[in-house]
Amino acid sequence: MFLTITLFLGAVTIAAAVPGVMDGFAGIVIAIFLLYCGIIVVAQLCTALMALRRMVEESFEKKRVSRRVELR
């Protein structure tokens, strides 16, 4: 919750400080949208890195020998 509030206030501050396109309420909306997109990208990146790490760890583990099973 604290992180969300911090990011929201950071976006509002950026929108207020940058002149031009980021003027007024539209600038705040644009900044919040870009912040939301950034959060999604970071979340996807973290998930992808965890999956990659798991794949590498599994590739270095000792391989199990498979056994033939007869089905009746």
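Visitor: What is the place of Val56?

Guide: Val56 is in helix H2. Helices are DSSP runs of H or I with at least four residues, strands are runs of E with at least two, and both are numbered from the N terminus. The protein has 2 helices and 0 strands. This is a predicted model, where local features need pLDDT of at least 70, side-chain atom pairs count only at pLDDT 80 or more, and totals for chains, interfaces and linings use all residues. Residues are numbered from 1 along each chain as its sequence is written, and side-chain values use heavy atoms, with hydrogens and water left out.

Visitor: Why is Val56 called partly exposed?

Guide: Buried means under 20% relative accessible area and exposed means over 50%, with partly exposed in between (1.4 Å probe, protein chains only). Val56 has 38%, so Val56 is partly exposed.

Visitor: What makes Glu57 and Arg53 a salt bridge?

Guide: The term requires a side-chain nitrogen of Lys or Arg within 4 Å of a carboxyl oxygen of Asp or Glu. The N to O distance between Arg53 and Glu57 is 3.4 Å, so the pair qualifies. The structure holds 1 salt bridge.

Visitor: Where do Glu57 and Arg53 lie?

Guide: Both are in helix H2 (residues 24-60), 4 residues apart, about one turn of the helix.

Visitor: Why is Arg53 called exposed, and why is Glu57 called partly exposed?

Guide: Arg53 has a relative accessible area of 54%, so Arg53 is exposed. Glu57 has 43%, so Glu57 is partly exposed.

Visitor: How much of the protein is buried?

Guide: Buried residues make up 7% of the 72 residues.
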